[in-house]
Amino acid sequence: MTALSEYQRLEASGLWRASPEDQRSDVIVSIGESSLVICNIREKPLAHWSLAAIQRANPGRMPAIYHPDGDPGETLELAEDEDAMIEAIEKLRAAVERRRPHPGRLRLVMLGASFLAVVALAVFWLPGAARHHALTVVPDVKRAEIGADLMGHLQRITGPACRSTEGRTALNRLARRLPAPRGPGRLDVVRSGVRTTIHLPGGTILINRTLVEDHEEPDVVAGYIVAERLRAQLTDPLDDLLSHAGFRATFRLLTTGQIDPASLEAYAQHLLKRPRPQAETDSLIEAFGAWRVRSTPYAYALDISGESTLPLIEADPFAGDAPEPLLSDADWLRLQGICGG
């Protein structure tokens, strides 16, 4: 029997030598159950090689030359026409190789898995973690500074904020009446570019001039301010900026305290073009109650028919009991003229 089940007996002719100093001699090679048997032409055994310890000296070349593992001086040469024996030996060698432990391969697999884990952390976890850390360590003063820098990029599209002296005074009173959660929060009216309102890091809200010029009462613009304050509570303006700018801008903010102008310019374009998300009705009604503003004028400004904003009208927290005035009539008229008519 042989080590290969498909062969009952397998023999071949070859050339063998015991050492480099010996002459090669003709031999008969056969495969046993666990060894390669080398005999002379009289069938006298000359050598037994363990099948698990056969090495090939010239892989892929002919004639095939084999030697025992650890003894390259003893060789067996098989001619190309002994392909059956060569194929059998190679099959046995491959089977032995598969059964051997491969610590280097396991090490490579572990190294690859570790590398993939590091990459996954860098791609999926690190940006969010860095952004969250930035939101916790950046002080309000720096947020206001970032908002002012962003305003500089926005003004290329919106134009400068309207600055009529009397109108500015009235707008400051409205800002104190509707403060931001973290400080008074600045209000600015701009001529164009902003559809209704947008908020910036630091608590500043930009207001389109039509919200003060095209309505008869300040409750409409106050409603838009309340909705914008609520959006700023639900989504931190600085978080939104850093999410858009990416990890590099976040890393630069953490290390230098600055955001590069290119990132601010790109975000300014994004901020003016994207639609403003509408908060949930229950949250809006709660916010109108907290800031003591009627929700009905705002609801009709969104939909003149009131059909799509009926919940805001029906649940107006001040439907029967008006809150304290937002502005005096004189201040409202001054505010309406903030952009010079």
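Me: Is the crossing of α3 and α9 right-handed or left-handed?

Reply: In this predicted model, helices α3 and α9 cross in a right-handed manner.

Me: How should I read the packing of two helices, and at what angle do α3 and α9 pack?

Reply: Two packed helices are described by the angle between their axes and by the distance between those axes. Here α3 and helix α9, residues 261–273, pack at an angle of about 60°, and their axes are 9 Å apart. The two helices, α3 and α9, are therefore oblique to each other.

Me: Which residues of α3 meet α9?

Reply: From α3, the residues are Ile146, Asp149, Leu150, His153, Leu154, Arg156, Ile157 and Thr158. In α9 they meet Pro261, Leu264, Glu265, Tyr267, Ala268, Gln269, Leu271 and Leu272. Divided by class, the residues of this contact of α3 with α9 are ten nonpolar, three polar and three charged.

Me: At what angle do the axes of α6 and α10 cross?

Reply: The axes of helix α6 (residues 219–234) and helix α10 (residues 281–291) cross at roughly 115° and come within 10 Å. That angle makes α6 roughly perpendicular to α10. As α6 passes α10, the crossing is right-handed.

Me: Which residues make the contact of α6 with α10?

Reply: On the α6 side they are Gly223, Val226, Ala227, Arg229, Leu230 and Gln233, and on the α10 side Ser283, Leu284, Ala287, Phe288 and Trp291. The contact of α6 with α10 has seven nonpolar residues, three polar ones and one charged one.

Me: How is a pocket to be read, and what is the volume of the largest pocket?

Reply: Empty space is shown by rolling a probe the size of a water molecule over the atoms. The largest pocket here has a volume of about 360 Å³. Its lining consists of 20 residues, and Ala180, Pro181, Arg182, Gly202 and Gly203 lie nearest the centre of the pocket.

Me: Which helices each supply at least two residues of the lining of the largest pocket, and how do the residues of that lining divide?

Reply: Helices α3 (140–158) and α6 each supply at least two residues of that lining. The lining of the largest pocket divides into nine nonpolar, six polar and five charged residues.

Me: Let us turn to the backbone. Is the peptide bond from Met62 to Pro63 cis or trans?

Reply: The bond from Met62 to Pro63 is cis, with omega near -5°. Pro63 is found in the loop between β5 (54–56) and β6 (64–68).

Me: What is phi of Glu43, and where is Glu43 found?

Reply: Phi of Glu43 is near 65°, which is a positive value in a residue other than glycine. Glu43 is found in the loop between β3 (35–39) and β4 (45–50).

Definitions and conventions. Residues are numbered from 1 along each chain as its sequence is written. This is a predicted model: local features need pLDDT of at least 70, side-chain atom pairs count only at pLDDT 80 or more; totals for chains, interfaces and linings use all residues. Side-chain values use heavy atoms; hydrogens and water are left out. Axes are lines fitted to C-alpha atoms, for helices over the stretch in contact, and angles run from 0 to 180 degrees between N-to-C directions. Helices (H or I, at least four residues) and strands (E, at least two) are DSSP runs, numbered from the N terminus. Angles under 35 degrees count as roughly parallel, over 145 as roughly antiparallel, 65 to 115 as roughly perpendicular and the rest as oblique. A crossing is left-handed if the near helix is turned anticlockwise from the far one by less than a right angle, and right-handed if clockwise. Contact means heavy atoms within 4.5 Å. Ala, Val, Leu, Ile, Met, Phe, Trp, Tyr, Cys and Pro count as nonpolar, Asp, Glu, Lys and Arg as charged, and the others, Gly among them, as polar. On a 1 Å grid over the protein atoms alone, a cavity is a set of points where a 1.4 Å probe fits but cannot get out, and a pocket is an open set with protein on both sides within 12 Å along at least five of seven lines; lining residues have an atom within 4 Å of a point. Grid points are joined across faces, edges and corners, and a volume is the space filled by probe spheres set on the points.
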